[in-house]
Amino acid sequence: MVDVLVAADALVRLFGGGRTWLGRRVPVVRAVDGVSFWVRHGETLGVVGESGSGKSTLARMLVGLLAPSAGHLSVAGRPVRGLAGVEAVRFHRAVQMVFQDPVSSLNPRKTVRQILEGPVQVLLGAGRAERRDRVARILDLVGLRPEFLERYPHEFSGGQAQRIGLARALVVEPELLVLDEPVSALDVSIQAQVLTLLRDLQTRLGLTYVFISHDLAVIEALCDRVLVMRDGRVVETGPCRTVFRAPQHAYTRSLMAAVPVVRQAIRVCTP
Amino acid sequence: MMERPACPWRRPSIWVRLSRNHLAVLGSTIVAAIVLVALLAPWLPLVDPNLTAPADRLQPPLSPTALLGTDQLGRDVLSRLIWGTRVSLAVGLSATLIAAVAGSGIGLVAAYVGGPVDQALMRGIDMLMAFPYLLLALAIVAALGPSLMNALLAISVVNIPFFARAVRGATLSLVRREFIDAARLAGYSRFRILTSELLPNVMPVIVITMSTTVGWMILETAGLSFLGLGAQPPQADLGSMLGDGRRIVVTAPHVAAVPGVLILVLVIGINLVGDGLRDILDPRLKAGALSRPVARTATMPAQRRPGALPSTGPSEHGSSPPLLAMHGLDTQFEIGREVYRAASGVDLTLGRGDSLGVVGESGSGKSVTALSVLGLVPTPPGRITGGSIRFDGTIDLLDVPLSGLQDLRGGRIAYIFQDPLTTLNPLMPVGEQVAETVQRHQGLSNRGAWAQAVEWLDRVGLRAPAEKARAFPHELSGGQRQRVVIAMALANRPDVLIADEPTTALDVTTQARILDLVNDLRRQSGAALLFITHDLGVIATLCTRVLVMYAGQVVESGPVAAVFATPRHPYTRGLLACVPVLGQPERALDAIPGLPPPVNRLPRGCAFADRCPSVVAACRQAPVPLRPVGPARTARCLRAEDGLHG
């Protein structure tokens, strides 16, 4: 198990609890309830589940935006807990995130250049020349034109904005990329462009992905292994191929049965 | 999913837009003139404002030595007015700045840090607001002693709450946005997130609050000086001049009237500028809250509308006309000088018991087409400029008077929209909302309508319907809410049911149940279904015929099985090829390169030409017509037949 990048052991995250000022109890919500898994270097772990299954909470814990209430999480052999100062900088150099809503994840008052150069400056402490160089390279990598650098987010379509989000995450050359529903806000033709780009980047940069989605077909197309979540717990896990071919848990089966498909028709038209 | 296509048209700058607002221009002219004169005071040929001349006291205006007369000590009123305005402006502006900086700081920190810090700061602000603020200002000055500086301080303090509350509110809506999370992941410190991420985004709110309070603060300064708590004699400011003139207002009204008029004009000017700025910067007003909603989409009258039908008359279809026949529908959005052709030349027929799916990506015009049927496209900016929509063989829906249209809405033609949470009235029990539509169209008694509502809630599969009918929308889950909306739509047994992405906001398992429900109920009631979606899978499950839309036009139509098996338009082919299919992970996703053209800059020829793998020169030269390409099938492609072999 030398090549394990992420190891999570019995992760728990609670919300609420405690009491109000008037002494009334606030009900506790167990958003993530005892989740354990590991991710190897260079592989893609898919996390699938419906709304309220805790998959976004899990993503936010993985990137250090939320602290686990209990359990143990380590990335690249280092425990993720109470990150601050140099530790936090080192962690965020290795772990980045792509968000669901491409437009809301970009500051409307900043140009693309400012959005992309910020992390390079803060996390890598790079000078002006290196910043420009890195930003130019990453822009090319995600397929955006250099003249986009001086524009503001509202001038872009959803697909272009998501490429900018991807560039921002990749510009510090992280090892692990956590993607929280990165294509669900996009139109199908644009979604396919971004998925193809993600596959391509993974081969070229040797990235490790944790890919969160409610769309089973997208997960199956991109991931090596899958984690099926329901109500904060993992109900089934295993290689995509096995899980989707022969789902063991009733919930996985009901999820799969619910997906409307153009199956027969598409089979006919694909060579 | 409903986003409009990205517009290459740039919004004019703030100054250009401000210059279109005549009142704001008037206001800025007044303010600029007053500020200019006040600034130039040291260089103007003015008498010393504090020079007393008892011999020349109370000269009337327009006297040879003093243009605006003199006061009871013989001081020149014009000179005192200009120097006094200088003082009032300086105090008003400084107080605004101090209040803005302190208040915005408190608001930003309270919203960003949250928790106990927020509580402590905002309760402090509440305490400030609990006092009538002029009284509070008086108390502060009384405690510190009367002087202009203390008045300034007092006025700043009492105005801090306005800034703190406005900025906290604006910041709260931002701190949950994902770009703040992204900034944290970029390693930004809390201070940097406050100053470089949050502050620029709440700046418009600060500017609006400043521009609307600065006039007020000048008034308050004048008020304190009037009471003798601000400017101390002999220094002039507008308030103290008013105070001096008050005692002799009967014998020499000009001494009080002149500063009074100036205060009035100045504050009106500032408020006009402030209102103008607010109209431009306030996002809520930008989103069109100022434009009055119109009960139906503006429609060109039949005489001038290309493709309009004669108002009534027998249809060419003879004995069994289709239920809904749309021909050449043109709906456009007119924003500024730009015309967005959201739907152009759309043809659509729906027979009794049909289920027609309309598929397309955002901005393809599928929703606009559906909304045009009953004139529900918002006006402004929407406008129907061409075509006809014949309902039940006789009437053109585009020419029906509004009352007739309203009788059809929710009656014979019903809609189901994407997000049940925004469709339902949050303040009304759901049963009442269903009963309301029943009553509107069937004229039942309250009790009868309620019974019908409960019955329909039962039919759409809500457990314990009588109990659920009394629930408010927020007490139901997303799936239950959408069931209520479906009950509302079906309760009047419509002939046509138009569903616009009804399951997009729902989870897959819920989606499957809702789709089954729609399908069952449609079969039972015999209603025709027009189903709008971006999801090809849903169309395959639910519809018999499909219409593919791209850039406002129908590019292909036909029976679902045939279209999906042998798509004739390259866009349909591309769309089918780029959807990941469960069970086929090895299938390469052939993404369609590029983006759809913006509908305000449509090319002359085929709109898909730039993304098409099999484009030829002829495609770009002239508009491509929609033509028959097989049994009951049409496609808008010159090379539709080539695809069969490729």
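This is a predicted model: local features need pLDDT of at least 70, side-chain atom pairs count only at pLDDT 80 or more; totals for chains, interfaces and linings use all residues.
Reader: Thanks. How many residues of chain A and chain B take part in their contact?

Author: Chain A contributes 66 residues and chain B contributes 57, where contact means heavy atoms within 4.5 Å.

Reader: And how much area do they bury?

Author: The two chains bury about 5300 Å² between them, 58% of it on carbon and sulfur atoms. Buried area is the accessible area (1.4 Å probe) that two parts lose on being put together, summed over both. Of the area that chain B buries against chain A, 16% comes from Glu178(B), Leu185(B) and Leu582(B), more than from any other three residues.

Reader: How many salt bridges are there between chain B and chain A?

Author: The count is two; a salt bridge is a side-chain nitrogen of Lys or Arg within 4 Å of a carboxyl oxygen of Asp or Glu. Arg60(A) and Asp181(B) form a salt bridge through their side chains, at 2.6 Å from N to O.

Reader: What about polar contacts across that interface?

Author: There are 19 residue pairs in polar contact between chain B and chain A, with both residues at pLDDT 80 or more. A polar contact is a pair of N or O atoms within 3.5 Å; within protein, one must be able to donate a hydrogen and the other to accept it, and residues adjacent in sequence count only if both atoms are side-chain atoms.

Reader: Which helices of chain B each supply at least two residues to the side that touches chain A?

Author: They include α7 (178–185), α8 (190–226) and α19 (508–525) of chain B. Helices (H or I, at least four residues) and strands (E, at least two) are DSSP runs, numbered from the N terminus.

Reader: Where does Asp507(B) lie, and is it buried or exposed?

Author: Asp507(B) lies in the loop between β8 (496–500) and α19 of chain B. Asp507(B) counts as buried, at 18% relative accessibility; buried means under 20% relative accessible area, exposed over 50%, and partly exposed in between (1.4 Å probe, protein chains only).

Reader: What is Asp507(B) in contact with?

Author: Leaving aside neighbours within four places in sequence, Asp507(B) is in contact with Glu50(A) and Ser51(A). The side chains of Asp507(B) and Ser51(A) are joined by a polar contact of 2.6 Å.

Reader: Switching topic: which strands form the open sheet in chain A?

Author: Four strands form an open sheet in the order β2-β1-β4-β5 of chain A, with antiparallel pairing. Its edge strands are β2 (28–40) and β5 (78–79), each of which pairs on one side only. Two strands pair if DSSP finds at least two bridges between them.

Reader: How many bridges join β1 and β4?

Author: Five bridges join strand β1 (residues 4–16) to strand β4 (residues 70–75) of chain A. Val12(A) stands opposite Ala70(A) in β4(A).

Reader: Back to salt bridges. How many does the structure hold over all chains?

Author: The structure holds 40 salt bridges over all chains. In one of them, Arg90(A) pairs with Glu87(A), their closest N and O atoms being 3.6 Å apart. These two residues are three residues apart in helix α2 (residues 85–94) of chain A, so about one helical turn separates them.

Reader: What does the salt bridge of Glu338(B) and Arg601(B) tie together?

Author: Glu338(B) and Arg601(B) form a salt bridge with closest N and O atoms 3.0 Å apart. Glu338(B) lies in strand β3 (residues 338–350) of chain B and Arg601(B) in the loop between α22 and α23 (617–621) of chain B, so the pair ties together parts that are 263 residues apart in sequence. Glu338(B) is buried, with a relative accessible area of 11%, whereas Arg601(B) counts as partly exposed at 43% relative accessibility.

Note on methods
Residues are numbered from 1 along each chain as its sequence is written. Chains are lettered from A and ligands numbered from 1 in the order in which they are written. Side-chain values use heavy atoms; hydrogens and water are left out.
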